[in-house]
Amino acid sequence: MLALALVGAGAVGTPDATAATADARRVALLAANPYERGPAPTVASIEATRGPFAIAQTTVAASSVSGFRGGTIYYPTSTAEGTFGAVAISPGYTASQSSVAWLGPRLASQGFVVITIDTLSVYDQPAARGTQLLAALDYLTGSSAVRTRIDRNRLAVMGHSMGGGGSLSAANTRPQLQAAIPLTGWHSVKNWSSVRVPTLVVGAENDTVAPVSSHSEPFYTSLPATLDKAYLELNAASHAAPTSANVTVAKYSISWLKRFVDDDTRYEQFLCPAPRGTAIEEYRDTCPHS
C-alpha cells in the first residue's frame with residue numbers, strides 16, 4: 001500500500017489539526033487492515049439496496065468460458081481504494097442466474113466483484129455446482145476483463161439450494177477460500193467436518209424443499225467447532241426466500257463477506273453478539289471470531 005503523507009497540519013485545537021488527526025487515524029486503520037474498503041458501516045448502510053460504490057456490469061457468454069455456462073459480472077467502477085475481493089454465486093436446481101441476480105449489484109456496491117453464474121445443466125447436482133463456482137472464480141482472476149480489479153487471495157462462494165450445497169462442496173475442495181455462504185442449501189452430504197473456510201449457513205424456518213432439520217442445521221453442526229461459523233434461520237420464510245431481495249439475507253451476507261474476505265473488523269458488530277430480531281428465528285455462532 002502506498003504511504004500517505006499529512007501536509008499542512010495546523011496547531012492543536014484548530015480545524016486543520018482536527019482534520020489532520022482524523023486523517024492520521026484513517027491512515028493507521030488502513031495500515032492495520034489494507035483490505036478495508038468503503039466508509040464505516042452502519043445498520044442503514046448494510047440494509048440499503050445499494051452501497052457506497054458505483055458499479056457496472058458485463059455479460060459473460062457461455063461460449064467464451066469453460067467449466068461453467070457463463071454469467072454476469074458486477075464490479076465497482078473505481079479502484080481508487082485498491083483491488084477487491086470476489087464472490088461467485090450459483091443458482092439452485094432447475095434455476096438460472098436470474099434467481100440470484102439481485103445479489104450481484106447489492107454485494108458489488110459494497111465493494112466486491114461478483115459473478116452470478118449459469119450452470120452447465122440446470123439439473124446439476126451440488127458437487128458439480130461447487131466445481132463450477134471454482135471455475136468461475138478462476139475465470140474471474142485469470143482471464144476476465146475485470147481480473148486486474150481483483151485480489152486473487154480474497155475469494156468467496158455463495159449459492160441457493162443446490163447452489164448452496166455447491167458452495168459447501170467448493171469450500172471443502174478449496175480451503176484457501178475466505179468465506180462460504182450456503183443459502184437454504186441442499187446437499188445429500190451432511191458431514192462437513194473437513195471444511196476450513198469461514199461459513200455462514202442460512203436456513204429458512206418453513207423450508208419444505210431443504211428442511212433445516214435435515215440440511216442447514218446438520219451442515220452447521222458438522223462444521224468444526226473451531227471454525228468461524230454461524231447459523232442464521234430466517235423466521236417464517238420459505239426455501240425461495242434468498243431468490244428475491246431480502247434485507248436479512250443481504251445484511252448478514254455483506255457483514256460475513258466484509259468480515260472474512262476483507263478481514264474488516266468494523267463489521268464484527270453486526271455478527272457478534274448474535275443478532276436478534278423479528279426476521280430471525282434462530283442465530284448460532286462461534287463468537288468472538290478469530
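Two strands pair if DSSP finds at least two bridges between them. Helices (H or I, at least four residues) and strands (E, at least two) are DSSP runs, numbered from the N terminus. The model is predicted: local features need pLDDT of at least 70, side-chain atom pairs count only at pLDDT 80 or more, and totals for chains, interfaces and linings use all residues. Residues are numbered from 1 along each chain as its sequence is written, and side-chain values use heavy atoms, with hydrogens and water left out.

**View 1. An open sheet of 9 strands.** The strand order is S1-S2-S4-S3-S5-S6-S7-S8-S9, and the pairing is mixed. Strand S1 (55-60) and S9 stand at the edges. Each has a single partner strand, so one side of each lacks a neighbour in the sheet. From one strand to the next, the twist averages 15°. Angles here run from 0 to 180 degrees between N-to-C directions, and axes are lines fitted to C-alpha atoms, for helices over the stretch in contact. Strands of a sheet pair through backbone hydrogen bonds, either parallel or antiparallel.

**View 2. The whole chain.** There are 7 helices and 9 strands in the chain. Of the 290 residues, 53% are buried. Buried means under 20% relative accessible area, exposed over 50%, and partly exposed in between (1.4 Å probe, protein chains only). Contact means heavy atoms within 4.5 Å. Among contacts between residues at least 6 apart in sequence, 68% join residues at least 24 apart.

**View 3. Strand S3 and its two parallel pairings.** S3 (residues 84-90) is mostly covered, with 7 of its 7 residues buried. S3 runs parallel to strand S5 (residues 150-160), and the two pair over 6 bridges. Alanine 86 stands opposite leucine 155 in S5. S3 also runs parallel to S4, joined by 5 bridges. Here glycine 85 has phenylalanine 112 in S4 as its bridge partner.

**View 4. Helices H4 and H5 against the sheet.** Helix H4 (residues 126-142) lies across S1, strand S2 (71-76), S3, strand S4 (112-117) and S5. H4 runs at about 150° to S5. Helix H5 (residues 162-173) packs on the sheet as well. H5 touches S3, S5, strand S6 (179-183) and strand S7 (199-204). The direction of H5 makes about 140° with that of S5.

**View 5. Aspartate 262 and its contacts.** Aspartate 262 sits in the loop between H7 and S9. Its relative accessible area is 0%, so aspartate 262 counts as buried. Leaving aside neighbours within four places in sequence, the contacts of aspartate 262 are Asn33, Tyr35, Glu36, Arg37, Gly85, Gly111, Phe112, Arg154 and Leu257. Aspartate 262 and phenylalanine 112 are 150 residues apart along the chain, yet 9.4 Å separates their C-alpha atoms.

**View 6. Aspartate 151 in strand S5.** With a relative accessible area of 14%, aspartate 151 is buried. Not counting residues up to four places away in sequence, aspartate 151 touches Tyr35, Thr83 and Phe84.

**View 7. The aromatic pair of tyrosine 93 and tyrosine 123.** Rings of Phe, Tyr and Trp (its six-membered ring) pair if their centres lie within 6.5 Å; planes under 30 degrees apart count as stacked, over 60 as edge-to-face and the rest as tilted. The count by this rule is 7 aromatic pairs. Tyrosine 93 and tyrosine 123 form an edge-to-face pair, 5.8 Å centre to centre with 65° between the planes. Tyrosine 93 lies in the loop between S3 and helix H3 (103-108), and tyrosine 123 in the loop between S4 and H4, so the pair ties together parts 30 residues apart in sequence. Tyrosine 93 is partly exposed at 40% relative accessibility. Tyrosine 123 is exposed at 53%.

**View 8. The disulfide of cysteine 272 and cysteine 287.** A disulfide is a pair of cysteine sulfur atoms within 2.5 Å. The structure holds 1 disulfide. In the link of cysteine 272 to cysteine 287, the S to S distance is 1.8 Å. The link is left-handed, with -80° about the S-S bond. Distant parts of the chain are joined, 15 residues apart: cysteine 272 is in the loop between helix H7 (247-260) and strand S9 (280-285), and cysteine 287 is in the segment after S9. Cysteine 272 is buried at 14% relative accessible area, whereas cysteine 287 is partly exposed at 26%.
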